[in-house]
Amino acid sequence: MRFLKALLVWLFMLALLAGAGAAAGWVWFNNELSRPGPLTDEAVIRVEAGEVLSIVADRLEADGVIHDARLMKLKARLDGSELEIKTGEYLIDKGATVEDVLSILTEGRALLHKITLPEGRTTAQLLRIIEKDKMLTGDMPETLPEEGTLLPDTYMFHRGMTRAQLIAKMQQAQAELLEELWPTRQDGLPITTPYEAVILASVVEKETGKADERPQIAALFTTRLKRGMRLQSDPTIIYGISKGEPLYNKAGQRRTLYRSEIDRHTEWNTYQVDGLPKTPICNPGADAIRAVLDPPETEYVFFVADGKGGHLFAKTNAEHERNVAAYRAYERGEIARERAN
């Protein structure tokens, strides 16, 4: 009987010791998970497609991002996140703990890169920007998008996004914008389809680089179309000649249009064709599309550059001729000043 009691006491003591050891081990483990890591500065790490946690953890230890890869592996095994790390590029703060790093990888808080694709560029010009971006991957798509189907903007993306995916994202963004705006368009517009809205917006976009002028020019073109007047937009001539690429003289300097080019008939030259050009002449931005779908009221039907980045607007041909004369005088003065210098 005494022996049995002694045995029970010893077993109880062993259980207490084992429990205490386990508790101590658990405390140590959690302390290690939350202990500041070895990084003394921010670091960028990458998880490639198909990499598993064990490989990534070993590399992070070797690169001095975490103290011990075994801790990360055990933590992931215990909470079931072994298979949840996500491909991407990640910014790790200095002193990041094992727990911090694992959380970043499993939540997919990847670094974002950006690419700016300006309004008013042709599809070919936008594609050249996309092709040159070194953060994007993959080849350009075999079937290139049609003119005017991309929505220019600044796009954020994760490293590893393909060029084809970005192009599809731009097309989807424009489709969604038109789906949102078309039902709310102003009544009585001289355009009957979303595609025609994009065509007109592309002409507006090419005519001005000033955001505050887009509504006014959209209104002017809308009034001209309602009155049966031709748009007479110089950028439509250029698109018919060179698909929107700048025109140069023999000296390699950018030039204005020749009279013969204004008189040349193409399906885009709105000095020669009624209504809208055959297709968009660039990819208009969201503001230009909004402007043609909800233009302000105006009686202006003529405009000419003012030489300072904006335009002079007129209601009558006589007023327009005075504006043209003012612009030419300004231009002559600028040339004289350049020669004097």
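## An exposed arginine and its partner

R70 sits out in the open: its relative accessibility is 63%, so it counts as exposed (over 50% relative accessible area; under 20% is buried and in between is partly exposed, with a 1.4 Å probe and protein chains only). Its salt-bridge partner is D68, with 3.0 Å between the closest N and O atoms. A salt bridge here means a side-chain nitrogen of Lys or Arg within 4 Å of a carboxyl oxygen of Asp or Glu. D68, at 17% relative accessible area, is buried.

## What you're looking at

This is a predicted model, where local features need pLDDT of at least 70, side-chain atom pairs count only at pLDDT 80 or more, and totals for chains, interfaces and linings use all residues. Residues are numbered from 1 along each chain as its sequence is written, and side-chain values use heavy atoms, leaving out hydrogens and water.

The protein has 341 residues, 40% of them buried. It contains 12 helices and six strands, taken from DSSP runs (helices H or I, at least four residues; strands E, at least two) and numbered from the N terminus.

The structure has 16 salt bridges. One of them pairs E99 with K75, at 3.7 Å from N to O. E99 belongs to helix α4 and K75 to helix α3 (residues 69–79), so this pair ties together parts 24 residues apart in sequence.

Another joins R290 and D287 at 3.3 Å, N to O. Both are in helix α11 (residues 286–293), three residues apart, or about one turn of the helix. Through shared partners, salt bridges link E205, R214, D287 and R290 into one network.
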